[in-house]
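This briefing accompanies the structure displayed below. Please read it with the model open, as the points are grouped by topic.

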Amino acid sequence: MNGTPILTATDVVVEYPGKGFRAKPFRALHGVSIAIEQGKTLGLVGESGSGKTTLGRAMLGLAPVTGGAITFDGQDITHASRRQRRALSRDIQVVFQDPYTSLNPALEVGEILAEPLAVQGVAPREAKARIRELLDRVGLPQDAVHRLPREFSGGQRQRVAIARALALSPRLIVCDEPVSALDLTTQARVLDLFLEIQQDTGVSYLFVSHDLDVVRHISHDVAVMYRGEIVEQGPAEHVTRTPDHPYTQRLLLASPVPDPVRQEERRANRLRLLAEQREQDAQAGAIVGAVVAAPDDGAEGISVGDRVR
Ligand SMILES: Nc1ncnc2c1ncn2[C@@H]1O[C@H](COP(=O)(O)OP(=O)(O)OP(=O)(O)O)[C@@H](O)[C@H]1O
């Protein structure tokens, strides 16, 4: 990383309290350190349950941070008070995965976009003009203001959610799997919208996804999570094409690729990896789960019991 960070997390630990009497707390993050550069995107990948959402929530003050520190623009926000959080919500916003549940179904789009503006005391007249600008910005028609979320497709709803996140001109948006619920064509359009917005406004993104192709497309840097730890981070091209860590290598091999040349490359890599793994196992006598035998489209999985570190 060469530029100035807008957000840093240093050795962040998150422990969720145990449910029920005497239940043990669950440690979801084990000392995670990352930095997001101003105007850039940090992609965060990893399998389900690795802690991606938890890290995003920690930045938003929504997860119980029990160790380490988070700074925003040089200021320690690890244990920001409610009042400080309200002020921070101008600067740090969020877009969630599911466009069907993240918008209040009872409110018209105009009301949804007016909410954050009202909370920050923006005058109604100014808010109206801002809402018109926001609809233009995300490519929705002006008459959307009087329509309910259910009258829109998934992609359009996600545009509403993006407009809402942009309402107060934030400096960082935590995007938690924002395109995973969309079909491929809509995904591409929404990703382009994220890119355009970044070019125009200089906003930074933490972009959480389980999809390496999506993350490669949108990110400058990528961090890879595995069981609550960052196992690899670096420039997006490097991490998503020629990763150093065995876990990332397997993640890469597990994502489907339609291109026949890349399929062939992957098959060769897969065989090499399997051979290396067998040799390591033979040497270490370790119990390592097998990479699941793959169909020719390269869409193999990673078995749950794999020892990858
Ligand atoms: N509120 C909570 N209370 C207790 N445990 C939780 C809570 N939220 C998440 N966890 C646990 O923390 C771990 C990390 O979850 P998290 O949702 O951050 O993973 P993720 O990588 O975002 O997964 P996914 O891709 O499925 O969303 C999981 O084991 C999960 O069960």
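Why is helix 9 (residues 246–254) largely enclosed by the rest of the structure? Seven of its nine residues are buried, so the rest of the structure largely encloses helix 9. The model is predicted, and the secondary structure of its protein chain comes to ten helices and ten strands.

**Overall organisation**

- The protein chain has 309 residues, of which 38% are buried.
- Among contacts in the protein chain with a separation of 6 or more, 65% are accounted for by residues 24 or more positions apart.

**Helix 9**

- The buried residues of helix 9 are Y247, T248, R250, L251, L252, L253 and A254.
- A residue counts as buried if 20 or more other C-beta atoms lie within 10 Å of its own, and seven of the nine residues of helix 9 are buried.

**The shell around the ligand**

- Twelve positions are to be located here: the ligand is surrounded by Y16, F26, A28, G46, S48, G49, S50, G51, K52, T53, T54 and H210.
- Strand 2 (26–37) and helix 1 (52–59) are the elements that give two or more residues to this shell.
- Helix 1 provides the largest share of the shell, three residues.
- Sorted by class, the shell around the ligand holds three nonpolar, eight polar and one charged residues.

**Helix 3 against helix 4**

- Helix 3 (residues 109–119) packs on helix 4 (residues 124–137) at an angle of about 125°, and their axes are 10 Å apart.
- Helix 3 and helix 4 are therefore oblique to each other.
- The crossing in which helix 3 passes helix 4 is right-handed.
- On the side of helix 3 the contact is made by G110, L113, A114, L117 and A118, and on the side of helix 4 by A127, R130, I131 and L134.
- Seven nonpolar residues, one polar residue and one charged residue form the contact of helix 3 with helix 4.

**Helix 3 against helix 5**

- Helix 3 also packs with helix 5 (residues 154–166), at an angle of about 25° and with the axes 8 Å apart.
- Angles under 35 degrees count as roughly parallel, and helix 3 and helix 5 are therefore roughly parallel to each other.
- Helix 3 and helix 5 have a right-handed crossing.
- V109, I112, L113 and P116 of helix 3 meet V160, A163 and R164 of helix 5 in this contact.
- The contact of helix 3 with helix 5 divides into six nonpolar residues, no polar residues and one charged residue.
- L113 of helix 3 takes part in the contact with helix 4 and also in the contact with helix 5.

**Helix 5 against helix 6**

- Between helix 5 and helix 6 (residues 184–201) the packing angle is about 15°, with the axes 10 Å apart.
- That angle makes helix 5 roughly parallel to helix 6.
- Helix 5 passes helix 6 with a right-handed crossing.
- Helix 5 contributes G154, G155, Q158, R159, I162 and L166 to the contact, and helix 6 contributes T186, R189, V190, L193 and I197.
- By class, the residues of the contact of helix 5 with helix 6 are five nonpolar, four polar and two charged.

- D11 lies in strand 1 (residues 5–16).
- D11 counts as exposed, because it has 12 C-beta neighbours inside 10 Å.
- Leaving aside residues up to four places away in sequence, D11 touches G31, S33, G67 and G68.
- The C-alpha atom of D11 is separated by 40 Å from that of G139, and the two residues are 128 residues apart along the chain.
- Phi of D11 is near 50°, which is a positive value in a residue other than glycine.
- D73 likewise has a positive phi, near 50°, and is a residue other than glycine.
- D73 is located in the loop between strand 4 (65–72) and strand 5 (75–76).
- D73 has 16 other C-beta atoms within 10 Å and is therefore partly exposed.

Terms used. Residues numbered from 1 in each chain as written. Predicted model: local features only at pLDDT ≥ 70, side-chain atom pairs only at ≥ 80, totals over all residues. Near = placed C-beta within 6 Å. Helix = DSSP H or I, 4+ residues; strand = E, 2+ residues; numbered from the N terminus. Nonpolar A, V, L, I, M, F, W, Y, C, P; charged D, E, K, R; others polar. Axes fitted to C-alpha atoms, helices over the stretch in contact; angles between N-to-C directions. Parallel < 35°, antiparallel > 145°, perpendicular 65-115°, else oblique. Left-handed = near helix turned anticlockwise from the far one by under 90°. Contact = placed C-beta atoms within 7 Å.
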